[in-house]
Amino acid sequence: MEDTIVAISTAIGLGAISIIRLSGPDAIKIADKIFKGKDLTKVASHTINYGHIYDGEKIVDEVLVSVMLAPKTYTTEDIVEINTHGGVSATNKVLELCLLNGARLATQGEFTKRAFLAGRIDLTQAEAVQDIITSATDKSLSLFVNQLTGSLKKLIIKLRKDIVSILANIEVNIDYPEYEDAPKITIASLKELLYPVKNKLNDLIKESKNAKIIKDGINIAIIGRPNVGKSSLLNKLLEEEKAIVTDIAGTTRDLVEGSIIFKGIKLNFIDTAGIRESKDIVENIGIKKSLDSVSQSNLVILVLNNNEDLTSDDHKLLDIIKDKTHIVFVNKNDLPAKLNIESLKEYNICYGNTINDNGIDELKNKIEDLFNLEQIKPLDNIYLTNSRQNALIKLAIKEIDHALKSLDEEIPIDLVEIDIKNAWNYLGEIIGATYKEELIDELFSNFCLGK
Amino acid sequence: MYYDVIVVGGGHAGCEASYISAYKGHKTALITMNIKNIADMPCNPSIGGTAKGIIVREIDALGGIMGQIADRAHFQIKMLNTSKGPAVQALRAQADKVVYPKEMLKKLSSTPNLDIIEGMVNDIIIEDNVIKGVILEDGTRYLCQALILTTGTYLKANILYGDKKEISGPHGERSSLYLSGHLKEYGFKLQRLKTGTPQRIEASSIDFSKMQEELGDNKYWTFSHDYPPSYDVNNQQKCYLLYTTAETKKIIEDNLSKSSMYGGYVEGIGPRYCPSIEDKIVRFSDKPRHQLFLEPESLYYNDWYLQGFSTSMPHDIQEKMVHSLPGLEHAKINKYAYAIEYDAIDPLQIKPSLESKIINNIYTAGQINGTSGYEEAAAQGLIAGINASLKIENKEPLILKRSDAYIGVLIDDLVTKGTNEPYRMLTSRAEYRLVLRHDNADLRLRKIGYQVGTISKKQYENLLNKEKDITSLLNFLKENKLKITLSISEVFEENGKDVPKISMSYYDLLKRPEINMEFLNKLVNFDYPLEVQTEVEIQIKYEGYIAKTYKEIHKMLKLEAKKIPQNIDYDKIKNLATEARQKLKLIRPISIGQASRISGVNPADISILAIYLKKEYNND
């Protein structure tokens, strides 16, 4: 029997539903640990089960879980597929939870490889499988490793160095018990060495920047003069009456946010107060907030009125968005065109109106174009890298915690070292490093030993 | 003259190899250059040590003899690492350099089927790529079915000190000048290795009052699983601890260019774990002093071994160095330190059975394979002897796994990774060391020994009884509860332990850090041998970590079970990375597990290999 592997089997950024697939002897056990609903270990084979994925006490997502028992499955192993709805961040979290509970991230083509090795795929397909693996397995690890930000990689290398010097010291104490050259590690001194390691690992989890991008999605600010239809546009996009819509200019005085999952990515819309020269103090605060939201957004949608010519306010706004990722939405195209199109030549324009949904799909497509090409694809990798590295860091912390607990129970250091080595290995996996040679080298380079 | 098995070399590897082959009923010859040098200990006067002590237990568990001979030959013994966990504890005996070889020769001479022949083997006879015999320097031919080469440091040996280089084996023995050259002609890849040994000091010239005493344990120990201790615990010899001085450091620094190593006179690669004193001074120049030990070599002559002071300095500098040590100001050097370089073969050319990949039925063991140490040599000798015998018997070879024994780790490392320095066993090389303990060597290996015919029926039955006792004690502890009565409470209090608040099983009680088996004996009287109690205590106290280790072992064994046919043509496998293909062709791993441990073979290559095996051989 092999170990249990997990992967997201749907393309990320395509479709609102994602499937996380587990295969292997512990697939059901792992899924059951994070699922509340029916007891998955007792459900019949080939059933779909409704429930929720939990991270401890916190609900992560509402899900459907398919349970397929060996051997009548693709890989001939137990397979569980978790269908999530909550977009990238929820999918990400579910994957991470599977990794934390004992699954290993599948390499590219690994499900197919297992299917083949189990005799589920025709022999003629063997070559194709080989090709997939050659082209992907190597790359996927280097991909993971390359995706690490320079600073994170440095931090992990530094941390592993700290750990390996602890390990080497313990090993020297064991292999050369009578040599005084190496300091003797005691339970107390080992604890003191491990706490800083644990703290640094916890900091890593907090600082994980990529995680923030994925979790938060793409921020889209909708700006424009008062009453050009910003709130109506937002409502159309959100398909719900979240923003307050009136025909009195200046109604929206706060940033009204709403999010949708579009093609698997979370889009956060920020409806802003209309921007114009105003003497109303409350409204001025709103305008300032609008300008702030422009600077914080990944995309700006400027709404213009087709039925009016450009005002000086419009020109100011066009100036503001010129160097940003933007879309100009020319609203009210059902009314006669009074807008000077010539001056908008260099802008990315979309026509429509918020009364009859005209142009809304076109707007969404434009967002997709802008972000599919430049943003979503790389996000795909960051996303995988991220859940993988977070899971590995958390597993490392778990090992250090176990080591500390064992030290409290007065378990001998050479046993506790097993936990520390595991932690070191988990961190090594993040950066694609191997264990044994490094440790032996450390032993001989740092300590003076011999006959 | 014909023998089933011929062993060339009478060192620790050769002794085990020839003994076990003869024990298994094969007509065996041990050919040595000098019968007086059988089981010679040319370097340190001790057997065992960390990791090595466990190897000696394993040798004994598999039917080898190093353990029982060492038990009869030492004048001091101690368990190392007693303050640490059970996995890393190991015995070390100070073995008498006169008694050990004498006892070994006695054992070999009384072994049926074994002839000891004096002579130098210069060449071997090969027909159709199979070994047929050996040719001695006087032209005598001995024919055989299997040959075991355990030539130690003798192949083209040079002794070095200062700028002097002499063609010589250890302590003035002859160097074997021709055999390695012939091996090279037949396709063996040779490498040049180096090791060294420190000075021997005349006992009467040492002022021991300036040194710290090092004593043996006041408790009885044996390497052997079968024989009781035969020494007097109260009559053990002392060793001594001393330190280098600032003057020592200065002498070495001032004369560095005169050493063979730093003067550039040595070709061989020396081991990192066994550096010369000049190496230590250079590499760790910030250390003001280094530890040295003085150990008696024998009760029958007066040389003391100066451990830690190995050097290749010329003799006049060595005089100055030794005299700079406290207590050795007026020391007389009976033997100077020297470095020795010798030919070894590339261990990547041997199979996990220790049979050569180049010529069938040739086995190699010990320093010729690139290792260092008496114990490492003996272990390989034993395995080579067993496998040569099994080959003659048309049986599958014995290949110990990394989770079976340190011996498994040793051989797997050699044949999978190779070595370019003399390889020494360290506990840190054994990833599953928690289950490779001194105390359970018999539980791990006696069954295997019984299967390959090196362990007697009686020894096997003793093992089964021990296993039965362990199970029954474990069950007793799990099934019986401690009732807290007034008298029981008193026992806890008298021993300074907290009285449990509730009644609990002995098993749960033993899991508490402050409770051990010795204390449990005060509560209940177990009628079990001490070794059974020790075993049960370890199994219960460290259950969590042992389970963790077994989980890892389980993963490894799955990969080991995926065998690679030895006729596989790696050139036919598309998509293998070039480096992986080269390494796989060279090493020819026997399993996916072994393949995955080769450096330069990455997980993608392993996947491709697995798929190819499935396709070509329908191999699961």
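Two residues are taken to be in contact if their C-beta atoms, placed from the backbone, lie within 7 Å. The structure is a predicted model, in which local features need pLDDT of at least 70, side-chain atom pairs count only at pLDDT 80 or more, and totals for chains, interfaces and linings use all residues. Residues are numbered from 1 along each chain as its sequence is written, while chains are lettered from A and ligands numbered from 1 in the order in which they are written.

In chain A, 66% of the contacts with a separation of 6 or more are between residues 24 or more positions apart. Chain A contains 13 helices and 13 strands. Helices (H or I, at least four residues) and strands (E, at least two) are DSSP runs, numbered from the N terminus. Of its 451 residues, 43% count as buried. A buried residue has 20 or more other C-beta atoms within 10 Å of its own, an exposed one 12 or fewer, and a partly exposed one a count in between; the C-beta atoms are placed from the backbone.

Chain B has 21 helices and 22 strands. Its radius of gyration is 26 Å, close to the 25 Å that the globule rule gives for 620 residues, so chain B is as compact as a globular protein of that length. The radius is taken over C-alpha atoms, and the rule is 2.2 Å times the number of residues to the power 0.38. The C-alpha trace of chain B spans about 80 × 75 × 50 Å along its principal axes. Buried residues make up 52% of the 620 residues in chain B. Among chain B contacts between residues at least 6 apart in sequence, 73% join residues at least 24 apart.

The largest nonpolar core has 202 residues. Such a core is a set of buried Ala, Val, Leu, Ile, Met, Phe, Trp, Tyr and Cys residues joined through C-beta atoms within 7 Å. The residues with the most contacts inside this core are A:Val6, A:Ala31, B:Ile6, B:Leu147, B:Ile148 and B:Tyr406. Beyond its neighbours within four places in sequence, B:Leu147 contacts B:Ile6, B:Val8, B:Ile124, B:Ile131, B:Val134, B:Asn361 and B:Ile362. Another core, of 28 residues, lies apart from the largest one and includes A:Ile222, A:Ile223, A:Ile301 and A:Phe329.

Most residues other than glycine have a negative phi, and most peptide bonds are trans. A cis peptide bond joins A:Ala70 and A:Pro71, with omega about 0°. A:Pro71 sits in the loop between strand 5 (58-68) and strand 6 (79-84) of chain A. That loop also holds A:Thr76. A:Thr76 is not a glycine, yet its phi is positive, about 70°. With 16 other C-beta atoms within 10 Å, A:Thr76 is partly exposed.

A:Asn227 lies in the loop between strand 8 (218-223) and helix 8 of chain A. Its phi is also positive, about 65°, although A:Asn227 is not a glycine. A:Asn227 has 19 C-beta neighbours inside 10 Å and counts as partly exposed. In helix 8 (residues 230-238) of chain A, seven of the nine residues are buried, so the helix is largely enclosed by the rest of the structure. The buried residues are A:Lys230, A:Ser231, A:Leu233, A:Leu234, A:Asn235, A:Lys236 and A:Leu237. A:Glu239 follows helix 8 of chain A and has a positive phi, near 55°.
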